Amino acid sequence: MDGNCLSARRRAQSSMVMLVLAIIIVLGMVAFLFGLARTVSSAEYLNLYAHGLVASVLKTDTGYTEAPCKTVADSLACAYLTPSYICGGQETCADLADRMVNASIGRFAERKESLRYLLTVEPEGFSAIGGEGVTRVELGELSLRKLRESRISAAERLTGFFGGQPYVLTATLVLVVR
Amino acid sequence: MEYIMMIFLIMVVVVGLIVLLTGYQITRAAADRSDRTQDRALFLLKQVTTHPLFVSEEGVLDDAKLTALATLPDGCARLEDLFGPDWFLEVETLDGPGAACAQTNYPACGRWELCKQDARAVAYDLPVNVYRNAGTILARDVLARRDLAILTVGVYGR
């Protein structure tokens, strides 16, 4: 084996070693960058926040003392079942529910910028389509109904008696927090 | 000459790898510590909204219980015995007077602070209700009321 061949082989070996070392460096840097990029999952907190928001808004007192209008949950059920019912001789259930939900969630929206919401109240398990009367109460941004991504939803069941009849409704809050 | 260059490069790479791995470990340890703090803050947030020491029902904090805890001289120490050290909670009603509750101004107040310190903390807030035992005072009656409030629970990052 002559000197030129030996030298070429050494250069080739050196190149191979350098290539392997370069790959190791690249892998090390990738691992380092993955370590820097922390993946803090906020999904659990946002879920908790949405459930806390819908539960607390529904339980809040409206200021009226009679049963169909006492809490926001009562006024929403009333807005679904008899929207023209007058609370305390002043405003309809539908108006009261709208005012209370907007005011309540608005307070939280002041603290969390870019919080958008849609609150839907409908019967549990089915909803009438094209029938007479109210089939669904919707408060907030209706455009969120079609949004499928980056939204959080939380639901609460509304149960009680209205005019001697039991009712079971579901209040679903859809939140978008950017 | 080529061997010397190669050995030099290998040394550089080895030192670089050591630095990278050390940095990676330090970063991971800091991230783990931060994750633990966040997990604890979330855990405490859930505890406060369900523990009978604070609530009259789930998600509804009782203003009388909060006032009692806030005005106890060793209230914070007792809470730290139960839930561990270095954390705080703050409750603020969204309407009504925003003064901190004490024995002298209850129930005309709307803010409670427990174990609050002037230090950096990881905190979460959550919408809750506050059960106002004397919510509406009428001429011949006192009615309870559920108000909207914001609960903030934080863990000091020491």
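**Charged pairs, strands and burial**

Reply: Start with a single side chain. B:Glu57 has a relative accessible area of 31%, so it counts as partly exposed. Keep in mind that this is a predicted model.

Me: Which residue forms a salt bridge with B:Glu57?

Reply: First the idea. Side chains of opposite charge can pair when their charged atoms come close. Here the partner is A:Lys59, and the closest N and O atoms are 3.9 Å apart. The cut-off is 4 Å, so read that pair against it. The bridge crosses between chains: A:Lys59 lies in helix α2 (residues 43-59) of chain A, while B:Glu57 lies in strand β1 (residues 55-57) of chain B. A:Lys59 is also partly exposed, at 22% relative accessibility.

Me: How many salt bridges are there over all chains?

Reply: The count comes to 19. Take A:Arg157 and A:Glu124 as another case, with 2.8 Å from N to O. This pair links distant parts of the chain, 33 residues apart. A:Arg157 sits in strand β5 (residues 152-162) of chain A, and A:Glu124 in the loop between β3 (115-123) and β4 (137-140) of chain A.

Me: Is A:Arg157 buried or exposed?

Reply: A:Arg157 is exposed, because its relative accessible area is 54% and the threshold is over 50%. A:Glu124 is partly exposed at 35%. Now look at chain B. B:Arg145 and B:Asp147 form a salt bridge, with 2.8 Å between the closest N and O atoms. B:Arg145 is partly exposed at 26%, but B:Asp147 is buried at 7%.

Me: Which residues are linked in a network of salt bridges?

Reply: Four residues of chain A: A:Glu122, A:Arg136, A:Glu138 and A:Arg145. Follow A:Glu122 into the strands next. A:Glu122 stands opposite A:Thr170 in β6(A).

Me: How should I read the strand pairing?

Reply: Strands of a sheet pair through backbone hydrogen bonds, either parallel or antiparallel. β3(A) and strand β6 (residues 165-177) of chain A pair in the antiparallel sense over nine bridges. β3(A) and β4(A) are also antiparallel, over four bridges.

Me: What is the order of the strands in the open sheet of chain A?

Reply: The order is β4-β3-β6-β5, four strands with antiparallel pairing. β4 and β5 of chain A stand at the edges with a single partner strand each, so one side of each has no neighbour in the sheet. On average, neighbouring strands are turned by 15 degrees against each other, direction ignored.

Me: Which helix packs on the sheet?

Reply: Helix α4 (residues 93-111) of chain A packs there, touching β3, β4 and β6 of chain A. The direction of α4 makes about 145 degrees with that of β3(A).

Me: Where is B:Leu45 found, and what is it in contact with?

Reply: B:Leu45 is in helix α1 (residues 2-50) of chain B. Check burial, then contacts. B:Leu45 is buried, with a relative accessible area of 0%. Neighbours within four places in sequence aside, B:Leu45 is in contact with A:Tyr45, A:Leu48, B:Tyr124, B:Leu126, B:Leu151 and B:Val153. For sequence against space, compare C-alpha atoms. B:Leu45 and B:Thr152 are 107 residues apart along the chain, and their C-alpha atoms are separated by 7.7 Å.

Technical notes. Residues are numbered from 1 along each chain as its sequence is written. Chains are lettered from A and ligands numbered from 1 in the order in which they are written. This is a predicted model: local features need pLDDT of at least 70, side-chain atom pairs count only at pLDDT 80 or more; totals for chains, interfaces and linings use all residues. Side-chain values use heavy atoms; hydrogens and water are left out. A salt bridge is a side-chain nitrogen of Lys or Arg within 4 Å of a carboxyl oxygen of Asp or Glu. Helices (H or I, at least four residues) and strands (E, at least two) are DSSP runs, numbered from the N terminus. Buried means under 20% relative accessible area, exposed over 50%, partly exposed in between (1.4 Å probe, protein chains only). Two strands pair if DSSP finds at least two bridges between them. Contact means heavy atoms within 4.5 Å. Axes are lines fitted to C-alpha atoms, for helices over the stretch in contact, and angles run from 0 to 180 degrees between N-to-C directions.
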